[in-house]
Amino acid sequence: MGRCIYGCSAVTFFTFFLFLLSASASPQNSESGHHNLTGSGQINSNSVLVALLDSRYTELAELVEKALLLQTLEDAVGRHNITIFAPRNEALERDLDPEFKRFLLQPGNLKSLQSLILSHIIPNRVGSNQWPDEKSGRVKHATLGSDQVLHLSKIKGNGKRLRLVNSAVITRPDDLTRPDGLIHGIERLLIPRSVQEDFNRRRNLRSISAVLPEGAPEIDPRTNRLKKSAAASVSVPAGSPPVLPIQSAMAPGPSLAPAPAPGPGGPRGHFNGDAQVKDFIHTLLHYGGYNEMADILVNLTSLATEMGRLVSEGYVLTVLAPNDEAMAKLTTDQLSEPGAPEQIMYYHIIPEYQTEESMYNSVRRFGKVKYETLRFPHKVAAKEADGSVKFGSGDRSAYLFDPDIYTDGRISVQGIDGVLFPEEEGETVNKPSGSVKKVVQQRRGKLLEVACRMLGAIGKDSYLSNC
């Protein structure tokens with residue numbers, strides 16, 4: 001049995017509680033095989049719930065007791081067989097984020113904990129021999145959670161056929177079988193999207209506690225008194241939008257900003273941007289299908305650091321995340337230029353907070369919308385197509401494929417099925433070499449225009465090339 005991390009007294013109480021229930025069960029019901037409830041509604045020692053406790057899944061059993069779900073599960077095994085997908089103890093002891101553990105055990109988050117546990121239980125018996133094969137694809141099963149479903153599938157990996165529940169591998173199929181249900185061991189915890197969003201929302205509300213910084217006081221040399229700035233009389237609430245445009249707040253780099261500029265929040269930010277960036281990267285990994293995007297964000301530490309700093313200073317971002325299939329289509333030439341991965345990623349970040357609903361409403365109302373990107377001065381165009389939002393045009397277009405993967409009020413992640421490139425680059429590649437030169441005509445200043453008119457009036461040839 002694994003080491004207890006949530007308090008062994010709870011497990012002891014749960015053991016004693018189930019022991020009393022099993023001891024009071026009648027022998028007739030124990031010998032009946034598939035009936036595990038006595039006439040008084042008690043479970044016997046041959047129940048899958050007792051097997052869950054007296055096994056290698058003690059951490060999950062403790063969470064069941066913490067979530068006050070004993071009576072709910074007793075009723076479930078009384079009505080029908082159940083299938084439990086139990087993560088190994090190590091997944092809850094070492095692999096789970098400590099802050100997420102604390103969130104689950106807080107009394108105010110009981111509904112989130114219950115939703116997490118119930119999303120691991122199917123109200124019918126699904127043995128390993130009933131798994132769908134590769135040809136039939138994924139099969140959906142409703143869980144005891146009201147709005148949660150699990151997808152069962154099978155893939156080939158490392159020369160073996162692996163059974164999956166969502167994106168987690170079944171490490172111990174049919175590990176414990178009982179007349180009223182069975183338990184499959186899985187490699188990690190399944191976190192429902194609603195629970196992840198609730199965790200992000202509650203943590204971000206706690207992080208808005210800083211006070212807007214103020215500049216050093218100025219003294220009027222004539223009166224030797226402090227100057228009162230115009231902004232001093234106006235109270236600005238904490239977490240207000242930054243005063244500087246995001247172009248001025250970004251670090252200098254190729255085609256990003258002409259010179260470094262301090263951010264409006266300084267060292268004391270109003271939001272924990274680094275934690276929020278880590279959150280949405282973890283969410284991409286849990287969601288599945290966006291591992292390439294997550295790897296780039298992890299390896300390009302400068303990009304992740306820059307995003308975290310901007311969010312800390314009060315800016316909001318929308319990330320258009322290409323899925324793994326789209327990233328696999330990138331060629332070596334597109335990634336070989338120095339700074340190419342950064343430039344591609346910057347073009348997929350919009351300095352606005354947009355959700356699937358807000359973008360779809362915009363393109364439905366205005367037809368074609370152009371969003372600013374962090375790759376200045378390039379913009380990404382969006383329009384309505386096939387009941388969704390389509391970005392870009394022609395072969396370099398992408399549809400909004402997985403909406404609202406991550407939305408916490410500061411960072412929004414929208415999954416797309418293609419990699420986007422600026423329109424100017426596409427036009428330059430397609431146009432013949434003779435027409436590429438005539439792209440932008442240089443604008444003459446007022447002084448140069450006056451000089452050219454004067455030289456023309458006196459009839460002299462100009463030595464200025466722009467005349």
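**A guided tour of salt bridges and cores**

Begin by selecting Glu197 and Arg193, whose side chains meet in a salt bridge, with an N to O distance of 3.3 Å. The model on display is a predicted one. Both residues belong to helix 9 (residues 193-207), where they stand four residues apart, about one turn of the helix. Glu197 is partly exposed, at a relative accessible area of 22%, and Arg193 is likewise partly exposed, at 38%.

Remain on helix 9 and select Arg201 and Asp198. Their side chains meet in a salt bridge at 3.4 Å, N to O. Because these two residues are three apart in helix 9, about one helical turn separates them.

Next, select Glu372 and Lys379. A salt bridge joins their side chains at 3.7 Å, N to O. Glu372 has a relative accessible area of 29% and is partly exposed; Lys379, at 38% relative accessibility, also counts as partly exposed.

In the model as a whole, the count comes to seven salt bridges.

Which residues have the most contacts inside the largest nonpolar core? Select Phe280, Leu284, Met307, Leu374 and Val413 to display them; the core itself has 37 residues. Helix 13 (residues 301-312) gives the most to this core, contributing five residues. Apart from this core lies another, of 34 residues, including Leu49, Val64, Phe100 and Ile121.

Return to Val413 and display its surroundings. Leaving aside neighbours within four places in sequence, Val413 is in contact with Phe280, Leu284, Val319, Ala321, Asp404, Ile405 and Tyr406.

Finish at Gly273, which lies in helix 11 (residues 273-287). Gly273 counts as buried because its relative accessibility is 0%. Which residues does Gly273 touch, not counting those up to four places away in sequence? They are Gly308, Val311 and Ser312. To close, select the C-alpha atoms of Gly273 and Ser312: these residues are 39 apart along the chain, yet the two atoms are separated by 4.4 Å.

Note on methods: Residues are numbered from 1 along each chain as its sequence is written. This is a predicted model: local features need pLDDT of at least 70, side-chain atom pairs count only at pLDDT 80 or more; totals for chains, interfaces and linings use all residues. Side-chain values use heavy atoms; hydrogens and water are left out. A nonpolar core is a set of buried Ala, Val, Leu, Ile, Met, Phe, Trp, Tyr and Cys residues joined through side-chain atoms within 4.5 Å. Buried means under 20% relative accessible area, exposed over 50%, partly exposed in between (1.4 Å probe, protein chains only). Contact means heavy atoms within 4.5 Å. A salt bridge is a side-chain nitrogen of Lys or Arg within 4 Å of a carboxyl oxygen of Asp or Glu.
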